[in-house]
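Hi everyone, thanks for coming. Let me put the structure up on the screen, and then we can walk through it together.

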Amino acid sequence: MKDEDETARIIHNMAKIFRNSLVWRKDMVTLKEEVEFIHCFLEIQKYRFGDKISYSVQSPEGGSWQIPKMAIVTFVENASIHGIEPLKHGGHIQVHIACEDQQQLVCRVEDNGVGMSMEQIEKIYRYLDTEDEMGERIGIQNVIYRLKLYYGSRFGFEIDSSPGEGTRVTLRIPIQ
């Protein structure tokens, strides 16, 4: 009504993410839906930070494979909030998703942000070893917990990061 097209688009993106997070009966989504959530989140961040953030998202056409909801977008959120936001200058997030050998999706979320120390990385890897229930967990802990529930040891998770150099997270999700 007020020719606020950009604001209307951001509100639409926020509503889509909010609706998705409230529907807990549907824990699996198509890759295409997950990529839509990634775009929604990154558009919101672009609106917030303008030229301070840039991004690219590459994924296979179609994307009808089922994956746990928020499995990839959570790492995109972490790249933005913990990697790019603290930078004084601009940063870039790259999401690359590919199907490998028709057996697994390889999902890489990479940023050129502040990076992580070895201690932070080791803490995240410890989430892989624990059998605790979710409880008060958030973000990465929930994703790892849910991926373990669905795939056991068949999923892969790697972090490559160092302070001042950015972070690359690689998820390998079996195609069912």
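Let's begin with T30, which touches G63, S64, W65 and Q66 when residues up to four places away in sequence are not counted; contact here means heavy atoms within 4.5 Å. T30 lies in strand β1, residues 28–30. Helices (H or I, at least four residues) and strands (E, at least two) are DSSP runs, numbered from the N terminus. T30 counts as buried because its relative accessibility is 18%. The cut-offs are under 20% relative accessible area for buried, over 50% for exposed, and partly exposed in between, with a 1.4 Å probe and protein chains only.

A word on the model before we go on: it is predicted, so local features need pLDDT of at least 70 and side-chain atom pairs count only at pLDDT 80 or more, while totals for chains, interfaces and linings use all residues. Residues are numbered from 1 along each chain as its sequence is written, and side-chain values use heavy atoms, with hydrogens and water left out.

Now the sheet. Five strands form an open sheet with mixed pairing, in the order β2-β4-β5-β7-β6. Two strands pair if DSSP finds at least two bridges between them. At the edges stand β2 (53–58) and β6, each with a single partner strand, so one side of each has no neighbour in the sheet. From one strand to the next, the twist averages 10°; axes are lines fitted to C-alpha atoms, for helices over the stretch in contact, and angles run from 0 to 180 degrees between N-to-C directions. Strand β2 runs parallel to β4 (residues 91–100), and six bridges join them. If you want a place to look, V57 stands opposite V95 in β4.

G156 lies in strand β6 and counts as buried at 19% relative accessibility. Leaving aside neighbours within four places in sequence, G156 is in contact with T170, L171 and R172. The C-alpha atoms of G156 and R172 are separated by 4.5 Å, although the two residues are 16 apart along the chain.

Which residues does F157 contact, leaving aside its neighbours within four places in sequence? They are F75, I124, Y125, L128, I144, V169, T170 and L171.

Two of those contacts bring us to the rings. The structure holds three aromatic pairs; rings of Phe, Tyr and Trp (its six-membered ring) pair if their centres lie within 6.5 Å, with planes under 30 degrees apart counted as stacked, over 60 as edge-to-face and the rest as tilted. F75 and F157 have ring centres 5.8 Å apart and planes at 45°, so this pair is tilted. It links F75 in helix α3 (residues 73–84) with F157 in strand β6 (residues 156–162), 82 residues apart. Y125 and F157 make an edge-to-face pair, at 5.9 Å centre to centre and 75° between the planes. Since Y125 lies in helix α4 (residues 118–129) and F157 in β6, that pair ties together parts 32 residues apart in sequence. Ring pairs link F75, Y125 and F157 into a cluster. F157 is buried at 9%, whereas Y125 is partly exposed at 27%.

Last stop, the largest nonpolar core, which has 40 residues; I38, I72, F75, I93, I97, I124 and F157 touch the most other members. Such a core is a set of buried Ala, Val, Leu, Ile, Met, Phe, Trp, Tyr and Cys residues joined through side-chain atoms within 4.5 Å.
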